[in-house]
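Here are a few notes to read alongside the model. Please keep the structure open as you go through the points.

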Amino acid sequence: MIATLKSEDWETRLQAAENLGKTKDKKAIEPLIQTLNDDDEYVREGAAWSLGEIRDKTAVPALIHALNDLDQYVKEGAAIALGKIKDKRAVEPLFQLLRSDSESMRRTAETALGTLGECATEPLLTMLHDPDWDVRWRATHILGEIKDIRAVEALIESLKDENKYVIEGAITALGEIKDKRAVEPLMDSLKDSNKYVREEATNALGEIKDERAIHALVDVLADKDWGVRWGAANALGEIRHKSAIEPLIHAFSDEVRYVRESAAAALARIGKSAGGHLIQALESPDPNVRRWSAWTLGKIRYEKATEHLTLALQDEDGGVQFAAEVALTELEG
């Protein structure tokens, strides 16, 4: 295969380059480095890919040089390979690509830096102060991908950024890192004037699963934006605390079906401790509350509800009747 890298046919050279990567044999490293200078861009891209598969740090300088290739795909292949090799020498060259005029190149650099891991953390923290909001935004994404707890305080500070996309990115990253230091700052974000920031904060709090957030999440079950209410119900289901049962049942009255569904799914995750409350809710004057209570009793397989669900088969609302029938079928296994 190494000899075939010298073939006059570019397709033959490309196949050889790719096959060498699949072998992961270190004898192929130097020939593949030389192939990064091939006349054909497809062959150069294949060589970059294979060096990433072999993952030997010997190839790092050549791959960094390949980031200056005239072909976009060769540059992207070199960036991805550098991410796989995880050498800190690649950090600064990849950072420079985050300022590329090409959106595709910026996305590739972002992916590669995330793959690099914790050796990229400290330089990324400085990028959270970059004058270009797009760079700051991408830095939050990468830090969330790396999940290094050293980034938590800096990301919390980014919740005060002047750009809403950077704020959303910081919130998402904090949710991915799951460090409890972020709980109270994220609770503050539930009061932000931007609905997307509030919704993202509910998602992050659901990821962290800290009981301190329950009261704040219950409050935003009454948010003016249904996406925030939906996110709050999801988050309460992730935390799975009994104190959220009654507020979630109350959310069965929400005007938006997605919120009602989210509340029911949350109660199903909380489990059988919600059973008694759900039976009581079968007496609600609101048919939506009765309907979703019946459905949830089936999902948690609350056997004590059998008699109450049987009575609900005679409910004046057809939706309640159907939900009770489905629930009883669930109880029967």
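1. Helices here (H or I, at least four residues) and strands (E, at least two) are DSSP runs, numbered from the N terminus. Residues are numbered from 1 along each chain as its sequence is written, and side-chain values use heavy atoms, with hydrogens and water left out. Please bear in mind that this is a predicted model, in which local features need pLDDT of at least 70 and side-chain atom pairs count only at pLDDT 80 or more, while totals for chains, interfaces and linings use all residues.

2. Let's begin with a loop. K209 sits between α13 (195–208) and α14 (214–219). K209 is not a glycine, yet its phi is positive, at about 65°. With 39% relative accessibility, K209 counts as partly exposed, a class between buried (under 20% relative accessible area) and exposed (over 50%), using a 1.4 Å probe and protein chains only.

3. R240 is also worth a look: its phi is positive, about 60°, although R240 is not a glycine. You will find R240 in the loop between α15 (226–239) and α16 (245–250).

4. Now to helix packing. Helix α7 (residues 103–116) and helix α9 (residues 133–146) have axes that come within 8 Å and cross at roughly 35°. Axes are lines fitted to C-alpha atoms, for helices over the stretch in contact, and angles run from 0 to 180 degrees between N-to-C directions. On the α7 side, E103, R106, R107, E110, L113 and G114 meet D134, R138, H141, I142, E145 and I146 of α9; contact means heavy atoms within 4.5 Å. By class, these residues are three nonpolar, two polar and seven charged.

5. Is E110 of that helix buried or exposed? E110, found in α7, is buried, with a relative accessible area of 16%. The side chains of E110 and R138 are joined by a polar contact of 2.9 Å (a pair of N or O atoms within 3.5 Å; within protein, one must be able to donate a hydrogen and the other to accept it, and residues adjacent in sequence count only if both atoms are side-chain atoms). Neighbours within four places in sequence aside, E110 touches L98, R138, H141 and I142.

6. The axes of α17 (residues 257–270) and α19 (residues 287–299) come within 9 Å and cross at roughly 35°. Among the residues making this contact are R257, R260 and E261 of α17, with N288, W292 and W295 of α19.

Definitions and conventions:
Ala, Val, Leu, Ile, Met, Phe, Trp, Tyr, Cys and Pro count as nonpolar, Asp, Glu, Lys and Arg as charged, and the others, Gly among them, as polar.
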